[in-house]
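I opened this notebook to record what I looked up in a structure that was new to me. The entries follow in the order in which I made them.

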Amino acid sequence: MSLDQAMKAVKQLLGMRVYRMVKRIVRGRQRGDLLGSLRRVTPVFDDDIWKRGEPIGRFYVNRRFLPAYADDVRGHVLEISESVYTKWFGKDKVTKSDVLHLTGCPGSTIVADLTNADHIPSNTFDCIIITFTLQFIYGISAAVRTLQRILKPGGVVLATFDASSRISRVDMDLYGEYWRVTTASARRLFEEQFPQNAVTVKAYGNVLAVAAQIHGFIREDFYEAELDSYDPDIELVIGVRAVKPV
């Protein structure tokens, strides 16, 4: 007997009330089967992702967003916490490299809170690289205002945000983690300080990428074509390029 025949028999023998109850149970199990191994309440991987490979979010930054604007990484460059991207993409185009950290860390040259950094001179940097940082700053508008102020005329800020991700527990405990953005909020945030035509916003992600990021999978687990597929309703990473007027 097929499922349809069985359900018809239930309706005839036991009535509509029982039939509807059984139908809900059957439908729930069918939908649950579609979830497969995702039918769980904890991440598949809950370890240090960096020990296994490249996080999904960093794939979009390392291999898509920053490479597209590598020519901007030049002159006097400021990066947050370390100078990895300055070296990767700036190479011989960089004349001076600074590293900013809130409290100071190995390799940092500037200790500052971007929401209140009057000691950093205005019009100083040709490029500022700030990846996955603004989400940890509660006064995010003040931080963007500082970024605009300390850029030289014609200078470029390259920023990325998490649109959908797990909380970074270590950073949450140290600094707090306050924001997730959309393309709309990222654009508005930067257009409050930069001309509208000087702000470019790019989003990356799809349902597979978001699920993979939350479950702790790495870039090496997927084909790049899968990660490059973009769904405008399911964003994972937002990239912003903003240019200060000359």
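I found Ile140, Ala142, Ala143, Val144, Thr146, Leu147, Gln148 and Ile150 to be buried. Helix α5 covers residues 140-150, and eight of its eleven residues are buried. I noted that helices (H or I, at least four residues) and strands (E, at least two) are DSSP runs, numbered from the N terminus.

I recorded the origin of the values: this is a predicted model, in which local features need pLDDT of at least 70 and side-chain atom pairs count only at pLDDT 80 or more, while totals for chains, interfaces and linings use all residues. Residues are numbered from 1 along each chain as its sequence is written, and side-chain values use heavy atoms, with hydrogens and water left out.

I next asked what the buried residues of α5 pack against. They pack against the strands β1 (75-80), β4 (125-131) and β5 (151-162), and against helix α7 (183-191).

I then turned to backbone angles. Ser81, in the loop between β1 and α4 (84-90), has a positive phi of about 75° although it is not a glycine. Ser81 is partly exposed, at 33% relative accessible area.

Lys91 lies in the loop between α4 and β2 (94-101). Lys91 is not a glycine either, yet it has a positive phi of about 50°.

Definitions and conventions
Buried < 20%, exposed > 50% of the residue type's maximum accessible area, 1.4 Å probe, protein only. Contact = heavy atoms within 4.5 Å.
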